[in-house]
Amino acid sequence: MSAEAEDQATSRPKTARAVSYISWVALALMTTSSVASLRPSPTMAVYGLASIFLYIVPAIVFLLPTALVSAELASGWNGGVYNWVSQGLSKPMGFLAVWCQFAMTIFYYPSLLGFVASTLAYVINPDLASSGVWTAIVIMVCYWAGVWVSSRGTKGVAGLASGGLIIGTLIPGALLVILGIAFLGQGNESAAPMTADHLLPTWAGLSSLVLIVNNFLSYSGMEMNAVHVSSLRKPGKEFPRAMFLAMGLVLLIFILPALAISWIVPAEELSLTAGVMQAFDAVFAAFDSQWLTPILGVMLVAASLGGMLTWLAGPSRGLLLISRKEGYLPPFLQKLNKQGVQQNILVTQGLVTTVIALAYALIPDVSSVYWIFSVITTQVYLIMYLLMFVAAVRLRRNQPDHPRGYKAPMLTGLCGVGFAASLAALLIGFVPSSQFGGGSTGVYLAIVAGGALGLGLLVPYLFYRFRKPSWKTQTQEEVTA
């Protein structure tokens, strides 16, 4: 089939009904806003110039396959990852996929709010950034406040998160890069070497690559943006353009601030949670403008909290709807409050989050706790991606004539690359990082394995194994708490 004919085949047929289309540039910006963030910048700033390599590699082997494969699935099957995996593999595997999409947030919130705590410390007292007790208190207060807001069915949360991209990512990121360049322009020496022989990370065995795992989490969520593929006029041509533009913008937002931080803050002094504020504080001090540090801190906190509110209801809502139909969760967790919000799931999740938050208070090194939670979050999410790639291949093979608004090129190859990269990242996450060594390898392995495998595999197995017919509820009824 010619390229023109294929594009016509993959484009949605015209109908008499008015269709609201979006441009491929708009889709690229929407994707960028949902993926890009300053939060992972300190993690990669440790590598200095090598952070470029460590961002580009997962973008090619994970971000691109995920975007193109999920676009085909979203343009052919409604219902998100549950329906994709259920039809491609089985309903139990579909439940596992949607569970992992939800469960990753259990460790995601403590790591996200750990960043909020360290950032907020620079507004109040920078010494608090290294305090585990302070971090634990902020995590618990912010999470439960978020549950209260979400449980009241508050509208406009998505708008808050969208505004957060500009307020808490684009403006601070651009400012950080500009001031970083000015910092070097004044004759200050870069804290990290910027020579060609530092383009690749120093090889110290497998453990030297562990930090790359965090980048898979940074790029995750593309399967949620894929639902917009049907809103393009010519998906076959326009979606790849949108994804390549988005990937370029995301790389710029990730790489340039990470480099700016590496110029200003030495790697051995860098905090994984407070690194962004460390860099701002240092560069503002160089320009006698430290009064701006708290302002930037408030902007970053506002953006992070807006993003948390958006994530708080989404994944748990998807799990709720599927569980009420198939009976995967006990009735207690399926109940809704008067506003139709899955409050019992949020409260139960909050109890677990509170226990996890206490780890910040009990473990002296805040950066180590933040890193461990990031690894567990990534590994749980990667289980979902492994299932998605396998399901996509099976759906192309078993349902070749099923209508699709977009067909990914070389789907089997894309899925193979994405599956291999996801599996490698999942396995590498069990290796303690060489940059943050010093602790017990056995303790690290126990925490990561217990968190990732226990939460990602054991818990959903127990729910599925002990489910009862009475757990199914009528989806059209609203059950109030």
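This is a predicted model: local features need pLDDT of at least 70, side-chain atom pairs count only at pLDDT 80 or more; totals for chains, interfaces and linings use all residues.
Good morning, colleagues. I begin with the chain as a whole. The model contains 18 helices and zero strands. The chain has 481 residues, of which 53% count as buried. If we take contacts between residues at least 6 apart in sequence, 83% of them join residues at least 24 apart.

I turn now to helix 11, and to two of its partners. Helix 2 covers residues 24–35 and helix 11 covers residues 235–264; their axes come within 8 Å and cross at roughly 40 degrees. That angle makes helix 2 oblique to helix 11. The crossing of this pair is right-handed. On the side of helix 2, the contact involves Trp24, Val25, Leu27, Ala28, Leu29, Thr31, Thr32 and Val35. Helix 11 contributes, among others, Glu238, Phe239, Arg241, Met243, Leu249 and Phe254. Sorted by class, this contact comprises 15 nonpolar, two polar and two charged residues.

From helix 4, the residues in contact include Ser51, Tyr55, Leu63, Leu64 and Ala71. They belong to a contact in which helix 11 supplies Phe239, Met243, Phe244, Met247, Leu251, Phe254, Ile255, Ala258 and Leu259. What is the make-up of this contact by class? It has 18 nonpolar residues, one polar residue and no charged residues.

Is threonine 293 buried or exposed? Its relative accessible area is 2%; because the cut-off for burial is under 20%, threonine 293 is classed as buried. Leaving aside residues up to four places away in sequence, threonine 293 touches Tyr122, Met277, Phe280, Asp281 and Phe284.

I close with helix 17, which runs over residues 411–428 and has 18 residues. From first C-alpha to last, helix 17 reaches 25 Å, close to the 26 Å expected at 1.5 Å a residue. Its buried residues are Leu411, Leu414, Cys415, Gly418, Ala421, Ser422, Ala425, Leu426 and Ile428.

Thank you for your attention.

Key:
Residues are numbered from 1 along each chain as its sequence is written. Side-chain values use heavy atoms; hydrogens and water are left out. Helices (H or I, at least four residues) and strands (E, at least two) are DSSP runs, numbered from the N terminus. The expected span of a helix is 1.5 Å times one less than its number of residues. Buried means under 20% relative accessible area, exposed over 50%, partly exposed in between (1.4 Å probe, protein chains only). Axes are lines fitted to C-alpha atoms, for helices over the stretch in contact, and angles run from 0 to 180 degrees between N-to-C directions. Angles under 35 degrees count as roughly parallel, over 145 as roughly antiparallel, 65 to 115 as roughly perpendicular and the rest as oblique. A crossing is left-handed if the near helix is turned anticlockwise from the far one by less than a right angle, and right-handed if clockwise. Contact means heavy atoms within 4.5 Å. Ala, Val, Leu, Ile, Met, Phe, Trp, Tyr, Cys and Pro count as nonpolar, Asp, Glu, Lys and Arg as charged, and the others, Gly among them, as polar.
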